[in-house]
Amino acid sequence: MNTASPRTRMPPVEATDQSWLVFALAGQRYAAPLAQVGEVLRDGELTPVPGAAPDLLGIRHLRGQIVPVMDGRRRLDLAQQPPADPASIRVVMLQVDGQTVGFRVDAIGELIHPAADAVEPPPAGRGQRAGDPVKGVVPVDGGFVALLDVARLCRVPGEV
């Protein structure tokens, strides 16, 4: 699915004409650039990491590689309620700066292809925080999808 080499330095997320993978978290829709999505897996067994950040669920093996897996709800400061359909939970494997990071989401949605001029800045009045991964929003199907900067989302050093 990912055409870029995992070692290729990915540019910061910008409002460009590209494909985005939409996923749901706590009833809200978010998207990551498809070019930075390695694969999507079913939720699986994780090994906890003592002393890790609160949004790190643990690590898992992926074809001989140890991959950290983040809780999407905690990372984005969303409600910690059970998803509507536990069978729909997935882990999106994100590729950034030669690293793979898993990101657990409630469900996978569609692919969107917003035009650059359709992307708006994040809404005014929402809490600003250092390293905020939301880079913009785009109207889709009567609602909005928040576009994420994968490097900031995954807290890649030098990107936050």
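Let's start with the rings: a search of the whole structure turns up one aromatic pair. For a pair to count, rings of Phe, Tyr or Trp (its six-membered ring) must have centres within 6.5 Å. Planes under 30 degrees apart are stacked, over 60 edge-to-face, and the rest tilted. Here the rings belong to Phe23 and Phe103; their centres are 5.8 Å apart and their planes stand at 65 degrees, so this pair is edge-to-face.

Where do Phe23 and Phe103 lie? Phe23 is in strand β1 (residues 20-25) and Phe103 in strand β7 (residues 99-105), so the pair ties together parts that are 80 residues apart in sequence. Phe23 and Phe103 are both buried. Buried means under 20% relative accessible area, exposed means over 50%, and partly exposed is in between, with a 1.4 Å probe and protein chains only.

A word on the model. It is predicted, so local features need pLDDT of at least 70 and side-chain atom pairs count only at pLDDT 80 or more, while totals for chains, interfaces and linings use all residues. Residues are numbered from 1 along each chain as its sequence is written, and side-chain values use heavy atoms, leaving out hydrogens and water.

Now the whole chain. The protein chain has two helices and ten strands. Those are DSSP runs, numbered from the N terminus: helices are H or I with at least four residues, strands are E with at least two. Along the sequence the pattern reads β-β-β-β-β-α-β-β-β-β-β-α. The chain has 160 residues, and 42% of them count as buried. Take contacts, meaning heavy atoms within 4.5 Å. Among those between residues at least 6 apart in sequence, 56% join residues at least 24 apart.

On to the sheets. Strands of a sheet pair through backbone hydrogen bonds, either parallel or antiparallel. Two strands pair here if DSSP finds at least two bridges between them.

β1 and strand β2 (residues 28-33) run antiparallel, joined by six bridges. Trp20 has Pro33 in β2 as its bridge partner, and Val22 has Ala31 in β2. Two residues sit between the strands of this hairpin, where Ala26 takes a positive phi near 50 degrees. On to the next pairing: β2 and strand β10 (residues 143-148) are parallel, over two bridges. Ala31 has Leu147 as its bridge partner in β10. From Leu148 to Gly136 is twelve residues in sequence, and 7.4 Å in space, C-alpha to C-alpha.

There is also an open sheet of five strands in the order β3-β6-β7-β5-β4, again with mixed pairing. At its edges are β3 (37-42) and β4 (56-62), each with a single partner strand, so one side of each lacks a neighbour in the sheet. Here the twist averages 30 degrees from one strand to the next. Strand β5 (residues 65-71) runs parallel to β7, with three bridges joining them. Asp71 has Arg104 in β7 as its bridge partner.

Conventions
Axes are lines fitted to C-alpha atoms, for helices over the stretch in contact, and angles run from 0 to 180 degrees between N-to-C directions.
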